[in-house]
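Please study the sequence and the structure before reading each solution.

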Amino acid sequence: MSRIDPKLAATLRQPRELVDAGLVPVDALAELEQVAARYAVAVTPAVAALIDPDDPNDPIARQFIPTAAELVEQAGESADPIGDDAHSPVAGIVHRYPDRVLFKLVHVCAVYCRFCFRREMVGPGKASALSDDAYRAALDYIRGHQEIWEVILTGGDPLMLSPRRLAEIMADLAAIEHVKIIRIHTRVPVADPDRISPDLVAALRVEGATTWIAVHANHPRELSGGARAACARLSDAGIPLVSQSVLLRGVNDDAKTLAALMRAFVECRIKPYYLHHGDLAPGTAHLRTTIEAGQELMRALRGRVSGLCQPDYVLDIPGGHGKAPIGPSYLSQPASRERDGSAERGYRIVDYCGDVHRYPPQP
(Lines give C-alpha, C1' and ligand atoms only; values in the text may rest on other atoms or scores of the structure.)
Protein backbone atom coordinates (compact mmCIF):
# COMPACT_ATOMS: atom_id res chain seq x y z
CA MET A 1 0.00 0.00 0.00
CA SER A 2 3.02 2.31 -0.14
CA ARG A 3 1.66 4.56 -2.89
CA ILE A 4 2.66 7.92 -1.45
CA ASP A 5 3.15 10.75 -3.89
CA PRO A 6 6.88 11.59 -3.49
CA LYS A 7 6.63 15.13 -4.86
CA LEU A 8 7.38 17.77 -2.24
CA ALA A 9 9.91 19.85 -4.16
CA ALA A 10 12.44 21.78 -2.09
CA THR A 11 11.26 20.48 1.28
CA LEU A 12 14.09 20.98 3.78
CA ARG A 13 14.92 17.68 5.47
CA GLN A 14 18.47 18.03 6.81
CA PRO A 15 19.96 20.45 9.33
CA ARG A 16 22.50 21.55 6.73
CA GLU A 17 19.63 22.57 4.43
CA LEU A 18 18.09 24.60 7.27
CA VAL A 19 21.43 26.36 7.75
CA ASP A 20 21.78 27.04 4.02
CA ALA A 21 18.24 28.46 3.97
CA GLY A 22 19.16 30.87 6.77
CA LEU A 23 16.66 29.34 9.20
CA VAL A 24 19.22 28.26 11.82
CA PRO A 25 22.76 29.48 12.61
CA VAL A 26 25.67 27.38 11.46
CA ASP A 27 26.97 26.97 15.01
CA ALA A 28 23.81 24.99 15.84
CA LEU A 29 24.48 22.42 13.13
CA ALA A 30 26.16 19.74 15.25
CA GLU A 31 23.39 19.71 17.88
CA LEU A 32 20.65 19.73 15.26
CA GLU A 33 22.20 16.75 13.52
CA GLN A 34 21.84 14.87 16.80
CA VAL A 35 18.17 15.82 16.94
CA ALA A 36 17.59 14.86 13.29
CA ALA A 37 19.19 11.46 13.91
CA ARG A 38 16.30 10.68 16.27
CA TYR A 39 13.34 12.77 15.13
CA ALA A 40 12.23 13.47 11.57
CA VAL A 41 12.67 16.93 10.05
CA ALA A 42 10.70 18.35 7.13
CA VAL A 43 9.90 21.99 6.37
CA THR A 44 7.95 22.57 3.16
CA PRO A 45 8.43 25.68 1.02
CA ALA A 46 5.00 26.95 2.13
CA VAL A 47 5.96 26.70 5.81
CA ALA A 48 9.49 28.03 5.30
CA ALA A 49 7.99 31.12 3.67
CA LEU A 50 6.05 31.86 6.87
CA ILE A 51 9.15 31.91 9.10
CA ASP A 52 10.83 35.19 10.03
CA PRO A 53 14.53 34.23 10.20
CA ASP A 54 15.33 37.48 12.02
CA ASP A 55 13.02 36.60 14.93
CA PRO A 56 14.70 34.16 17.36
CA ASN A 57 11.27 33.48 18.88
CA ASP A 58 9.32 33.12 15.66
CA PRO A 59 6.16 31.10 16.45
CA ILE A 60 6.23 29.21 13.16
CA ALA A 61 9.88 28.26 13.58
CA ARG A 62 9.18 26.99 17.10
CA GLN A 63 6.77 24.47 15.64
CA PHE A 64 8.92 23.08 12.84
CA ILE A 65 12.62 23.93 13.27
CA PRO A 66 14.43 21.41 15.50
CA THR A 67 16.26 22.57 18.62
CA ALA A 68 18.67 21.00 21.07
CA ALA A 69 15.93 21.16 23.74
CA GLU A 70 14.40 18.10 22.08
CA LEU A 71 17.27 16.00 23.39
CA VAL A 72 16.20 16.70 27.00
CA GLU A 73 13.63 14.25 28.30
CA GLN A 74 11.65 14.65 31.48
CA ALA A 75 10.11 12.17 33.88
CA GLY A 76 6.67 11.08 32.74
CA GLU A 77 7.35 11.55 29.04
CA SER A 78 6.62 8.52 26.88
CA ALA A 79 7.05 7.28 23.33
CA ASP A 80 3.31 6.48 23.38
CA PRO A 81 1.98 9.30 25.55
CA ILE A 82 -1.73 8.79 24.87
CA GLY A 83 -1.67 4.99 24.99
CA ASP A 84 -2.48 4.08 21.38
CA ASP A 85 -0.77 0.71 21.70
CA ALA A 86 -3.04 -0.43 24.53
CA HIS A 87 -6.07 -0.05 22.25
CA SER A 88 -4.66 -1.43 18.99
CA PRO A 89 -6.33 -4.80 18.27
CA VAL A 90 -4.74 -5.07 14.79
CA ALA A 91 -2.03 -3.10 13.02
CA GLY A 92 -3.20 0.36 11.99
CA ILE A 93 -6.32 0.43 14.17
CA VAL A 94 -6.82 2.18 17.52
CA HIS A 95 -10.22 1.39 19.05
CA ARG A 96 -10.45 3.49 22.21
CA TYR A 97 -14.07 4.68 22.03
CA PRO A 98 -16.97 2.35 21.17
CA ASP A 99 -18.34 4.10 18.07
CA ARG A 100 -15.13 5.18 16.34
CA VAL A 101 -11.64 4.03 15.44
CA LEU A 102 -8.41 5.63 14.36
CA PHE A 103 -7.10 4.18 11.11
CA LYS A 104 -3.37 4.93 10.83
CA LEU A 105 -2.73 4.55 7.12
CA VAL A 106 0.66 6.20 6.73
CA HIS A 107 3.60 7.20 8.89
CA VAL A 108 4.88 10.16 6.90
CA CYS A 109 3.90 13.85 6.97
CA ALA A 110 4.45 16.89 4.80
CA VAL A 111 6.03 18.59 7.83
CA TYR A 112 7.14 17.22 11.19
CA CYS A 113 5.93 19.13 14.22
CA ARG A 114 8.47 19.37 17.04
CA PHE A 115 5.74 18.60 19.62
CA CYS A 116 4.21 15.60 17.83
CA PHE A 117 2.87 12.92 20.16
CA ARG A 118 3.71 10.26 17.55
CA ARG A 119 7.21 11.56 16.93
CA GLU A 120 8.78 8.19 17.81
CA MET A 121 6.61 6.43 15.21
CA VAL A 122 6.75 8.64 12.10
CA GLY A 123 9.34 9.76 9.59
CA PRO A 124 12.40 8.32 7.87
CA GLY A 125 13.50 4.95 9.15
CA LYS A 126 9.93 3.97 10.08
CA ALA A 127 7.50 1.99 7.97
CA SER A 128 5.97 4.47 5.52
CA ALA A 129 2.53 2.86 5.30
CA LEU A 130 0.51 -0.22 6.17
CA SER A 131 1.26 -3.29 4.13
CA ASP A 132 -1.51 -4.56 1.86
CA ASP A 133 -2.14 -7.48 4.24
CA ALA A 134 -2.35 -5.14 7.25
CA TYR A 135 -4.69 -2.83 5.35
CA ARG A 136 -7.05 -5.71 4.55
CA ALA A 137 -6.94 -6.94 8.15
CA ALA A 138 -7.81 -3.45 9.38
CA LEU A 139 -10.80 -3.28 7.03
CA ASP A 140 -11.91 -6.71 8.24
CA TYR A 141 -11.77 -5.45 11.82
CA ILE A 142 -13.95 -2.46 10.96
CA ARG A 143 -16.41 -4.68 9.09
CA GLY A 144 -16.61 -7.02 12.05
CA HIS A 145 -17.52 -4.32 14.60
CA GLN A 146 -20.92 -2.88 13.76
CA GLU A 147 -20.68 -0.33 16.57
CA ILE A 148 -18.09 1.59 14.52
CA TRP A 149 -19.92 4.60 13.08
CA GLU A 150 -16.90 6.82 12.41
CA VAL A 151 -13.44 6.05 10.98
CA ILE A 152 -10.76 8.67 11.59
CA LEU A 153 -7.93 8.57 9.05
CA THR A 154 -4.68 9.64 10.65
CA GLY A 155 -1.05 8.64 10.75
CA GLY A 156 1.21 10.40 9.67
CA ASP A 157 -0.91 12.47 7.35
CA PRO A 158 -3.45 10.66 5.14
CA LEU A 159 -3.36 13.42 2.53
CA MET A 160 0.19 12.38 1.69
CA LEU A 161 -1.43 9.57 -0.27
CA SER A 162 -2.17 10.03 -3.96
CA PRO A 163 -5.71 10.99 -5.01
CA ARG A 164 -6.11 7.60 -6.68
CA ARG A 165 -5.20 5.70 -3.51
CA LEU A 166 -7.33 7.98 -1.35
CA ALA A 167 -10.31 7.33 -3.61
CA GLU A 168 -9.80 3.58 -3.20
CA ILE A 169 -9.62 3.86 0.58
CA MET A 170 -12.68 6.10 0.80
CA ALA A 171 -14.66 3.67 -1.37
CA ASP A 172 -13.54 0.69 0.73
CA LEU A 173 -14.71 2.39 3.93
CA ALA A 174 -17.96 3.74 2.51
CA ALA A 175 -18.85 0.23 1.34
CA ILE A 176 -19.05 -0.85 5.00
CA GLU A 177 -22.70 -0.30 5.84
CA HIS A 178 -22.29 0.84 9.45
CA VAL A 179 -19.52 3.36 8.65
CA LYS A 180 -21.28 6.68 8.14
CA ILE A 181 -18.54 9.22 8.88
CA ILE A 182 -14.97 9.35 7.57
CA ARG A 183 -12.91 12.01 9.32
CA ILE A 184 -9.44 12.97 8.07
CA HIS A 185 -6.82 14.66 10.27
CA THR A 186 -4.34 16.69 8.25
CA ARG A 187 -1.73 19.45 8.17
CA VAL A 188 -1.55 19.48 4.37
CA PRO A 189 -3.80 22.51 3.68
CA VAL A 190 -1.31 24.59 5.70
CA ALA A 191 1.92 22.76 4.91
CA ASP A 192 1.43 22.20 1.16
CA PRO A 193 -1.72 24.02 -0.01
CA ASP A 194 -1.20 23.24 -3.69
CA ARG A 195 -1.58 19.56 -2.86
CA ILE A 196 -5.29 20.17 -2.27
CA SER A 197 -5.96 19.75 -5.97
CA PRO A 198 -9.30 19.17 -7.71
CA ASP A 199 -8.39 15.48 -8.06
CA LEU A 200 -7.64 15.16 -4.36
CA VAL A 201 -10.84 16.97 -3.37
CA ALA A 202 -12.85 14.71 -5.66
CA ALA A 203 -11.23 11.64 -4.11
CA LEU A 204 -12.46 12.66 -0.65
CA ARG A 205 -16.14 12.72 -1.64
CA VAL A 206 -17.76 9.32 -1.63
CA GLU A 207 -21.26 7.85 -1.81
CA GLY A 208 -22.43 6.13 1.35
CA ALA A 209 -20.47 8.12 3.94
CA THR A 210 -19.94 11.75 4.93
CA THR A 211 -16.43 13.15 4.89
CA TRP A 212 -15.20 15.57 7.56
CA ILE A 213 -11.73 17.10 7.68
CA ALA A 214 -9.90 18.31 10.79
CA VAL A 215 -7.34 20.95 9.80
CA HIS A 216 -4.37 21.37 12.15
CA ALA A 217 -2.97 24.89 12.65
CA ASN A 218 -1.60 26.59 15.76
CA HIS A 219 -0.91 30.20 14.78
CA PRO A 220 -2.97 32.63 12.67
CA ARG A 221 -0.04 33.16 10.28
CA GLU A 222 -0.35 29.53 9.21
CA LEU A 223 -3.66 30.39 7.57
CA SER A 224 -1.92 32.13 4.69
CA GLY A 225 -3.58 33.07 1.44
CA GLY A 226 -2.62 29.71 -0.01
CA ALA A 227 -3.92 27.79 3.00
CA ARG A 228 -7.20 29.71 2.94
CA ALA A 229 -7.63 28.93 -0.76
CA ALA A 230 -6.95 25.24 -0.11
CA CYS A 231 -9.54 25.16 2.68
CA ALA A 232 -12.02 26.96 0.42
CA ARG A 233 -11.60 24.25 -2.22
CA LEU A 234 -12.60 21.67 0.37
CA SER A 235 -15.51 23.69 1.75
CA ASP A 236 -16.79 24.58 -1.72
CA ALA A 237 -16.95 20.84 -2.45
CA GLY A 238 -19.31 20.43 0.52
CA ILE A 239 -16.76 18.93 2.91
CA PRO A 240 -17.23 20.30 6.45
CA LEU A 241 -14.07 21.42 8.24
CA VAL A 242 -13.18 21.52 11.93
CA SER A 243 -9.94 22.60 13.58
CA GLN A 244 -7.32 20.99 15.75
CA SER A 245 -4.71 23.04 17.58
CA VAL A 246 -2.17 22.36 20.31
CA LEU A 247 -1.56 24.88 23.06
CA LEU A 248 2.15 25.68 22.73
CA ARG A 249 4.45 27.88 24.77
CA GLY A 250 5.75 30.76 22.70
CA VAL A 251 3.37 29.99 19.83
CA ASN A 252 -0.23 30.60 20.88
CA ASP A 253 -0.20 30.84 24.69
CA ASP A 254 -1.51 34.40 24.83
CA ALA A 255 -5.12 35.51 24.50
CA LYS A 256 -4.56 37.84 21.54
CA THR A 257 -2.89 35.16 19.40
CA LEU A 258 -5.33 32.44 20.36
CA ALA A 259 -8.32 34.67 19.60
CA ALA A 260 -6.83 35.62 16.22
CA LEU A 261 -6.28 31.94 15.40
CA MET A 262 -9.85 30.96 16.25
CA ARG A 263 -11.27 33.90 14.31
CA ALA A 264 -9.11 32.97 11.33
CA PHE A 265 -10.50 29.44 11.42
CA VAL A 266 -14.07 30.72 11.41
CA GLU A 267 -13.28 33.10 8.54
CA CYS A 268 -12.09 30.03 6.62
CA ARG A 269 -15.32 28.14 7.37
CA ILE A 270 -13.47 25.92 9.84
CA LYS A 271 -15.31 25.35 13.10
CA PRO A 272 -12.89 25.43 16.10
CA TYR A 273 -13.03 21.94 17.59
CA TYR A 274 -10.13 20.91 19.84
CA LEU A 275 -7.42 22.86 21.62
CA HIS A 276 -5.16 20.10 22.89
CA HIS A 277 -3.02 20.41 25.98
CA GLY A 278 0.51 19.36 24.99
CA ASP A 279 1.09 15.61 25.31
CA LEU A 280 3.96 14.11 27.30
CA ALA A 281 5.98 13.20 24.21
CA PRO A 282 9.75 12.87 24.67
CA GLY A 283 11.72 16.11 24.40
CA THR A 284 8.71 18.43 24.23
CA ALA A 285 8.69 20.01 27.70
CA HIS A 286 9.99 23.33 26.36
CA LEU A 287 6.79 23.67 24.32
CA ARG A 288 4.24 22.63 26.94
CA THR A 289 2.29 25.10 29.04
CA THR A 290 0.62 24.45 32.38
CA ILE A 291 -3.02 23.41 32.51
CA GLU A 292 -3.73 26.48 34.62
CA ALA A 293 -2.37 28.71 31.85
CA GLY A 294 -4.64 26.97 29.35
CA GLN A 295 -7.67 27.43 31.57
CA GLU A 296 -6.97 31.13 31.94
CA LEU A 297 -6.68 31.47 28.17
CA MET A 298 -10.04 29.77 27.73
CA ARG A 299 -11.53 32.20 30.24
CA ALA A 300 -10.09 35.05 28.20
CA LEU A 301 -11.79 33.74 25.04
CA ARG A 302 -15.19 33.31 26.66
CA GLY A 303 -17.36 36.34 25.99
CA ARG A 304 -14.59 38.17 24.13
CA VAL A 305 -14.85 36.28 20.87
CA SER A 306 -17.89 34.78 19.18
CA GLY A 307 -19.28 31.48 20.36
CA LEU A 308 -18.30 30.19 16.92
CA CYS A 309 -14.67 30.69 17.97
CA GLN A 310 -14.72 28.55 21.13
CA PRO A 311 -12.79 25.25 20.98
CA ASP A 312 -12.89 22.53 23.62
CA TYR A 313 -9.70 22.56 25.70
CA VAL A 314 -8.88 18.87 26.17
CA LEU A 315 -6.25 16.62 27.70
CA ASP A 316 -5.48 13.15 26.40
CA ILE A 317 -5.09 11.24 29.63
CA PRO A 318 -1.78 9.31 29.61
CA GLY A 319 -2.14 5.57 29.46
CA GLY A 320 -4.88 5.44 26.85
CA HIS A 321 -7.82 6.63 28.96
CA GLY A 322 -9.13 9.07 26.35
CA LYS A 323 -9.76 12.79 26.16
CA ALA A 324 -11.18 14.85 29.01
CA PRO A 325 -12.36 18.46 28.77
CA ILE A 326 -10.27 20.56 31.16
CA GLY A 327 -11.55 24.06 30.53
CA PRO A 328 -12.41 26.33 33.45
CA SER A 329 -15.62 25.78 35.37
CA TYR A 330 -18.08 28.64 35.67
CA LEU A 331 -20.64 26.91 37.86
CA SER A 332 -20.45 25.73 41.46
CA GLN A 333 -22.97 24.63 44.04
CA PRO A 334 -22.37 26.20 47.43
CA ALA A 335 -22.43 24.03 50.51
CA SER A 336 -25.87 24.29 52.12
CA ARG A 337 -25.88 26.33 55.25
CA GLU A 338 -28.66 27.68 57.47
CA ARG A 339 -29.47 31.33 56.92
CA ASP A 340 -32.57 32.93 58.40
CA GLY A 341 -33.91 29.47 59.15
CA SER A 342 -33.56 28.07 55.62
CA ALA A 343 -30.78 26.29 53.74
CA GLU A 344 -28.96 28.21 51.01
CA ARG A 345 -29.68 26.56 47.70
CA GLY A 346 -28.90 27.05 44.04
CA TYR A 347 -25.63 27.79 42.29
CA ARG A 348 -22.87 30.33 42.01
CA ILE A 349 -22.05 31.19 38.41
CA VAL A 350 -19.18 33.32 37.10
CA ASP A 351 -19.67 35.55 34.07
CA TYR A 352 -16.99 36.28 31.49
CA CYS A 353 -15.89 39.38 33.42
CA GLY A 354 -15.21 37.31 36.52
CA ASP A 355 -18.23 38.56 38.47
CA VAL A 356 -20.09 36.02 40.62
CA HIS A 357 -23.90 35.67 40.50
CA ARG A 358 -26.51 33.46 42.15
CA TYR A 359 -28.78 31.15 40.20
CA PRO A 360 -31.69 31.24 40.68
CA PRO A 361 -31.40 34.92 41.60
CA GLN A 362 -32.11 35.57 45.24
CA PRO A 363 -35.12 37.75 46.17
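The exercises below concern a predicted model, and each is followed by a worked solution.

**Exercise 1.** Identify the residues of the largest nonpolar core that touch the most other members, and list the contacts of Val151 beyond its neighbours within four places in sequence.

*Solution.* Begin with the core, which holds 97 residues. The members that touch the most others are Phe103, Ile142, Val151, Leu153, Leu173 and Leu204. As background, nonpolar side chains tend to be buried together in soluble globular proteins. Next, take Val151 and leave aside its neighbours within four places in sequence: Val151 is then in contact with Val101, Phe103, Ile142, Leu173, Val179, Ile181, Ile182 and Arg183.

**Exercise 2.** Describe the largest pocket by its volume and its lining.

*Solution.* First, the space in the largest pocket is about 850 Å³. Of its 43 lining residues, those closest to the centre are Phe117, Arg118, Thr154, His185 and Gln244. Second, consider the strands: at least two lining residues come from each of E1 (93–97), E2 (100–104), E3 (150–154), E4 (181–186), E6 (241–246) and E7 (270–276). Third, sort the lining by class, which gives 21 nonpolar, 12 polar and 10 charged residues.

**Exercise 3.** State how many cavities of 30 Å³ or more are counted, and determine which residues line the largest cavity.

*Solution.* The count gives one cavity of 30 Å³ or more. The volume of the largest cavity is about 50 Å³. Its lining consists of Tyr39, Ala40, Tyr112, Cys113, Arg114, Cys116, Arg119 and Val122. Sorted by class, this lining has six nonpolar residues, two charged residues and no polar residues.

Key. Residues numbered from 1 in each chain as written. Predicted model: local features only at pLDDT ≥ 70, side-chain atom pairs only at ≥ 80, totals over all residues. Heavy atoms only, no water. Core = buried A, V, L, I, M, F, W, Y, C linked by side-chain atoms within 4.5 Å. Buried < 20%, exposed > 50% of the residue type's maximum accessible area, 1.4 Å probe, protein only. Contact = heavy atoms within 4.5 Å. 1 Å grid on protein atoms, 1.4 Å probe; cavity = no way out; pocket = protein on both sides within 12 Å on 5 of 7 lines; lining within 4 Å. Points joined across faces, edges and corners; volume = space filled by probe spheres on them. Helix = DSSP H or I, 4+ residues; strand = E, 2+ residues; numbered from the N terminus. Nonpolar A, V, L, I, M, F, W, Y, C, P; charged D, E, K, R; others polar.
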